[in-house]
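Reader: I would like to learn how to read the features of a model like this one. Please take them one by one, with the general idea before the case.

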Amino acid sequence: MTHPTGRLSDVVHQRHRLGILAIADEAARVEFTYLHDVLELTRGNLNRHLAVLEEAGLIVLEKGYDGRRPKTWIVITGEGRAALSAELTALEELIRRHGRERGAAPPPVHPSTG
């Protein structure tokens, strides 16, 4: 039996990348400047996180124009949605394990095989 933390993804779990995926999952696509503002990242840091997610196949970047202004939009892929879902499932399991009522016995570290 794997501990829930063993199922956390090194790519997804970093807080800014988790934020990018969560925000992108909430919308059809999200504009670079919006992520820059809401996640309070420098453009360079945001670009680096986007590159990691893009290299992993979790997002695609769409470049275009809004009028005459160049824009970059971020779109989560099916693989990105699956990775986000797996990450949230592992976090939910971790919360369940530690969300027990006070005084309750903690779950066994090494379950007895009988």
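**Reading the model**

Author: The protein has four helices and three strands; helices (H or I, at least four residues) and strands (E, at least two) are DSSP runs, numbered from the N terminus. This is a predicted model, in which local features need pLDDT of at least 70 and side-chain atom pairs count only at pLDDT 80 or more, while totals for chains, interfaces and linings use all residues. Residues are numbered from 1 along each chain as its sequence is written, and side-chain values use heavy atoms, with hydrogens and water left out.

Reader: In what order do the elements of the protein run from the N terminus on?

Author: The order is α-β-α-α-β-β-α.

Reader: How do the strands form a sheet, and in what order?

Author: Two strands pair if DSSP finds at least two bridges between them. Here three strands make an open sheet, ordered β1-β3-β2, with antiparallel pairing. Both β1 and β2 stand at the edges with a single partner strand each, so one side of each has no neighbour in the sheet. Between β1 and strand β3 (residues 69–76), which run antiparallel, there are two bridges. Val-30 has Ile-74 as its bridge partner in β3.

Reader: Which helix packs on the sheet, and which strands does that helix touch?

Author: Helix α3 packs there, touching β2 and β3; contact means heavy atoms within 4.5 Å. The direction of α3 makes about 125° with that of β2. Axes are lines fitted to C-alpha atoms, for helices over the stretch in contact, and angles run from 0 to 180 degrees between N-to-C directions.

Reader: What describes two packed helices?

Author: The angle between their axes and the distance between the axes. In this model, helix α1 (residues 15–26) packs with helix α4 (residues 78–98) at an angle of about 115°, and their axes are 10 Å apart. On the α1 side the contact is made by Leu-18, Leu-21, Ala-22, Ala-24 and Asp-25, and on the α4 side by Arg-81, Leu-84 and Glu-87. Of the residues in this contact, five are nonpolar, none is polar and three are charged. In this scheme Ala, Val, Leu, Ile, Met, Phe, Trp, Tyr, Cys and Pro count as nonpolar, Asp, Glu, Lys and Arg as charged, and the others, Gly among them, as polar.

Reader: How many salt bridges does the count come to?

Author: Side chains of opposite charge can pair when their charged atoms come close. The rule used is a side-chain nitrogen of Lys or Arg within 4 Å of a carboxyl oxygen of Asp or Glu, and the count comes to three salt bridges.

One of them joins the side chains of Asp-25 and Arg-81, at 2.8 Å from N to O. This pair links distant parts of the chain, with Asp-25 in helix α1 and Arg-81 in helix α4, 56 residues apart.

Arg-29 and Glu-62 also meet through their side chains in a salt bridge (3.2 Å, N to O). Because Arg-29 lies in the loop between α1 and β1 (30–31) and Glu-62 in strand β2 (residues 59–66), the pair ties together parts 33 residues apart in sequence.

Arg-96 forms a salt bridge with Glu-93, with the closest N and O atoms 3.0 Å apart. These two residues of helix α4 are three residues apart, so about one helical turn separates Arg-96 and Glu-93.

Reader: Are Arg-96 and Glu-93 buried, partly exposed or exposed?

Author: Buried means under 20% relative accessible area, exposed over 50%, and partly exposed in between (1.4 Å probe, protein chains only). Arg-96 is exposed, at 53%, and Glu-93 is partly exposed, at 24%. In the other pairs, Asp-25 is partly exposed at 34%, Arg-81 is partly exposed at 39%, Arg-29 is partly exposed at 41% and Glu-62 is partly exposed at 32%. Over the protein, buried residues make up 34% of the 114 residues.

Reader: Which residue has a positive phi although it is not a glycine?

Author: Most residues other than glycine have a negative phi. Glu-40 has a positive phi of about 55°. Glu-40 sits in the loop between α2 (32–38) and α3 (43–55), and counts as exposed at 71% relative accessibility.
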